[in-house]
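Hi everyone, thanks for coming. I'd like to walk you through one model today, so please have a look at it with me before we start.

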Amino acid sequence: MKKLIALMGVLAMVLMVGQIFADDMGGMKMDKKEAPAKKMKCEVVDVACYAKEGAKGEKHKECAVKCISGGGELALLSKGKLYIPVDADFKSAREQFVSKAGESVEVTGTVISKGGVNYLKISGDEKKDAK
């Protein structure tokens, strides 16, 4: 009886792991075409404070400036999603946004999502204040 229960437990785990991998692979389409670049209004947020407390906006600007200027990670927040800004070679585009910590910006880029992480591949050096 114990062997049967153990076998059922192992089988259940195998099925769950298989489902997790199947779900993960479903989002990894190997399209050769890249989506067209689009303009997005984003807020430059401090990742640590946003992830821990949902901190953003004008009330959090002073803290965001301090944390990001001190080397804290930043991301671009748009419509409730965080995006890691990268250049055309997928190298960090962080330096373009450090001086805009806690502010709204308008950027043009291509959204790429892989493995649950969202990237915004910035087109050229386009960055200006959002209106």
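Let me begin with a question: is phenylalanine 90 buried, partly exposed or exposed? Phenylalanine 90 is partly exposed, because its relative accessible area is 42%, where buried means under 20%, exposed means over 50% and partly exposed is in between, using a 1.4 Å probe and protein chains only.

A quick word on the ground rules. This is a predicted model, so local features need pLDDT of at least 70 and side-chain atom pairs count only at pLDDT 80 or more, while totals for chains, interfaces and linings use all residues. Residues are numbered from 1 along each chain as its sequence is written, and side-chain values use heavy atoms, with hydrogens and water left out.

Back to phenylalanine 90. You will find this residue in the loop between β3 and β4, the latter spanning 104-114; strands here are DSSP runs of E with at least two residues, helices are runs of H or I with at least four, and both are numbered from the N terminus. Phenylalanine 90 has a positive phi of about 65°, although it is not a glycine.

The structure holds one aromatic pair. Phenylalanine 90 and tyrosine 119 form that pair, which is edge-to-face, with 6.2 Å centre to centre and 85° between the planes. For the record, rings of Phe, Tyr and Trp (its six-membered ring) pair if their centres lie within 6.5 Å; planes under 30 degrees apart count as stacked, over 60 as edge-to-face and the rest as tilted. The two partners come from distant parts of the chain, 29 residues apart, with tyrosine 119 in strand β5. Tyrosine 119 is partly exposed, at a relative accessible area of 25%.

Serine 123 is partly exposed at 23%. Leaving out residues up to four places away in sequence, serine 123 touches Ala37, Thr108 and Gly109, a contact being heavy atoms within 4.5 Å. The C-alpha atoms of serine 123 and alanine 88 are 7.4 Å apart, though 35 residues separate the two along the chain.

Now the hairpin. β2 and β3 pair in the antiparallel sense over three bridges; two strands pair if DSSP finds at least two bridges between them. Leucine 76 has tyrosine 83 in β3 as its bridge partner. Two residues sit between the strands of this hairpin, where lysine 79 takes a positive phi near 50°. Lysine 79 counts as exposed, with 85% relative accessibility.

And finally, charges. How many salt bridges does the count come to? The count is four, taking a salt bridge as a side-chain nitrogen of Lys or Arg within 4 Å of a carboxyl oxygen of Asp or Glu. In one of them, glutamate 103 meets lysine 61, with the closest N and O atoms 3.3 Å apart. Glutamate 103 lies in the loop between β3 and β4 and lysine 61 in helix α3 (residues 61-69), so this pair ties together parts that are 42 residues apart in sequence.

Glutamate 103 also forms a salt bridge with lysine 100, at 3.8 Å between the closest N and O atoms. Within it, lysine 100 counts as buried at 19%, whereas lysine 61 is partly exposed at 25%.

Elsewhere, glutamate 95 and arginine 94 meet in a salt bridge of 3.7 Å, N to O. Glutamate 95 is exposed at 64%, while arginine 94 is buried at 16%.
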